[in-house]
Amino acid sequence: MLALLCLLGVFALGTAFGIVGAMAEDGVTPVALILLAVALGIAGTAGWGAFRLYARATSGPESPRVRFSRMLLIAGGAMGLVMGIAFSVASDTTGSADLFGNGPLPGWLAGLTIAAYVLVGGGLTLAWLRSIDEHEMQANNAGALAGLCTYLFVEPSWWLGARGGFLPEHQPMVTFLLVLTVYTAVWLWHRSR
C-alpha cells in the first residue's frame with residue numbers, strides 16, 4: 001500500500017507540473033485551475049497517506065514533539081514544491097529560469113527564492129533541530145556526515161574532470177541534489193533501525 005501511495009503521488013505531481021506547463025503556454029483557464037487543484041490534492045493526499053503509513057510502521061505512539069517535528073518536515077517539503085512550481089512557471093514564460101540550469105533569472109524570482117530559502121527554510125531547519133530527540137539527532141548526524149563525504153569527493157572530482165575535458169560541464173544543482181539524496185537516504189535508514 002505504501003508503494004502504491006508513493007506511485008500515485010509521483011504521477012499526480014507529474015500531472016500537476018504538466019498542467020502548469022500547459023497554463024504557461026496556453027494561459028490560465030478555470031478548467032486548468034480545477035485540474036491543477038485536483039492533481040495537487042491527490043498528490044498531497046497520497047503523500048500524507050504514505051507518510052502516515054510509514055510513521056505507524058516505524059514508531060509507536062507519537063509524542064507532540066514528534067508530531068511537531070514531522071509537521072516541520074512536511075512544511076519544508078511544501079516550500080520546496082512551491083519553489084519548484086515557481087521556477088517551472090518562470091522557465092516557461094521567460095525561457096531562462098530552468099531549475100537545473102545556470103542561465104540568468106528574473107531579478108524578482110532570484111530575490112524571492114533567496115529570501116524564502118534563507119528565511120523560511122532556515123527557520124524551519126532551526127525549529128526542526130530544536131524539536132528532535134536524541135535518536136533523530138543521531139540519524140541526522142549520520143546523514144549529514146554521509147552528505148559531507150559525498151560532497152568532498154564528488155565536487156572536486158567533477159570540477160577537475162570538467163576542466164580536464166572528460167566530464168560534462170559542472171552543474172552545482174546536480175551536486176546539491178546528489179548530496180541531499182545521500183543525506184536523506186542515510187537519515188531514513190538510521191531512523192528505521
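Here are legends for a few close-up views of this predicted model.

View 1. Eight side chains to look for here are Ile114, Tyr117, Val118, Leu119, Val120, Phe176, Leu177 and Leu180, which make a nonpolar surface patch of about 750 Å². Two helices each bring at least two residues to this patch: H4, running over 107-131, and H6, running over 172-192. Which helix gives the most? That is H4, with five residues. Val118, one of the patch residues, has its place in helix H4.

View 2. Is Ser131 buried or exposed? Its relative accessible area is 6%, and the cut-off for buried is under 20%, so Ser131 counts as buried.

**View 3. Trp128 meets Trp187.** Searching the whole structure turns up two aromatic pairs. One of them is made by Trp128 and Trp187, and this pair is edge-to-face, with 6.1 Å centre to centre and 75° between the planes. Why does this pair tie together parts that are 59 residues apart in sequence? Because Trp128 sits in helix H4 while Trp187 sits in helix H6. As for cover, Trp128 has 8% relative accessibility and counts as buried. Trp187, at 9% relative accessibility, counts as buried too.

**View 4. Tyr183 stacked with Trp187.** Here is another aromatic pair, formed by Tyr183 and Trp187. How do these rings sit? They are stacked, with 6.4 Å centre to centre and 5° between the planes. Both residues belong to helix H6 and are four residues apart, so about one helical turn separates Tyr183 from Trp187. Tyr183 is buried, and Trp187 is as well.

View 5. Trp187 takes part in the edge-to-face pair with Trp128 and in the stacked pair with Tyr183. When you compare the two pairs, keep in mind that a pair of aromatic rings is described by the distance of the centres and the angle of the planes. For Trp128 and Trp187 the planes are at 75°, whereas for Tyr183 and Trp187 they are at 5°.

Terms used: Residues are numbered from 1 along each chain as its sequence is written. This is a predicted model: local features need pLDDT of at least 70, side-chain atom pairs count only at pLDDT 80 or more; totals for chains, interfaces and linings use all residues. Side-chain values use heavy atoms; hydrogens and water are left out. Patches are made of residues with over 30% relative accessible area and no salt bridge: like charges are joined within 9 Å, nonpolar side chains (Val, Leu, Ile, Met, Phe, Trp, Tyr) within 5 Å. Accessible areas come from the Shrake-Rupley method with a 1.4 Å probe; for residues, only the protein chains shown count as cover. A salt bridge is a side-chain nitrogen of Lys or Arg within 4 Å of a carboxyl oxygen of Asp or Glu. Buried means under 20% relative accessible area, exposed over 50%, partly exposed in between (1.4 Å probe, protein chains only). Rings of Phe, Tyr and Trp (its six-membered ring) pair if their centres lie within 6.5 Å; planes under 30 degrees apart count as stacked, over 60 as edge-to-face and the rest as tilted.
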